[in-house]
Amino acid sequence: MARRERHRRMRIGELARATGSTPRALRHYEQHGLIESRRAANGYRCYDASTVTRVRNIRHLLAAALDGVD
């Protein structure tokens with residue numbers, strides 16, 4: 001990933017679209033300390049572009065855990 005893209009910030013809706021998640025799920029992950037955000041001057045949550053990988057990993061692990069349940 002290019003250096004410029006790693007430092008790019010995105011809002012919760014952008015992160016949700018990039019990861020196939022929902023804003024509600026992202027707030028849940030944040031509440032439980034799985035991801036972090038910063039607040040912009042307008043109060044919006046801003047996430048590093050690297051959070052995309054983390055959320056995809058979380059979703060992958062959750063899906064794998066649910067696949068193993070009988």
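Which residues line the largest pocket? The legends below take this up, starting with the fold.

**View 1. The whole chain, a predicted model.** Let's get our bearings with the protein's 4 helices and 3 strands. Walk along from the N terminus and the elements come in the order α-β-α-α-β-β-α. There are 70 residues here, and 23% of them count as buried.

View 2. Take the contacts in the protein with a separation of 6 or more: 56% of them join residues 24 or more positions apart.

**View 3. The largest pocket, with a volume of about 160 Å³.** Here's the answer to the opening question: the lining is made up of Arg9, Leu34, Ile35, Glu36, Ser37, Arg38, Cys46, Tyr47, Asp48, Ser50, Thr51 and Arg54. Two elements, β3 (45–48) and α4 (51–67), each give two or more residues to this lining. Strand β3 has the largest share, with 3 residues.

**View 4. The lining of the largest pocket, sorted by residue type.** What do the lining residues divide into? They split into 4 nonpolar, 3 polar and 5 charged. Leu34 and Ile35 are among the nonpolar ones, while the charged ones include Arg9, Glu36 and Asp48. Ser37, Ser50 and Thr51 sit in the lining too, and count as polar.

Technical notes:
Residues are numbered from 1 along each chain as its sequence is written. This is a predicted model: local features need pLDDT of at least 70, side-chain atom pairs count only at pLDDT 80 or more; totals for chains, interfaces and linings use all residues. Side-chain values use heavy atoms; hydrogens and water are left out. Buried means under 20% relative accessible area, exposed over 50%, partly exposed in between (1.4 Å probe, protein chains only). Contact means heavy atoms within 4.5 Å. On a 1 Å grid over the protein atoms alone, a cavity is a set of points where a 1.4 Å probe fits but cannot get out, and a pocket is an open set with protein on both sides within 12 Å along at least five of seven lines; lining residues have an atom within 4 Å of a point. Grid points are joined across faces, edges and corners, and a volume is the space filled by probe spheres set on the points.
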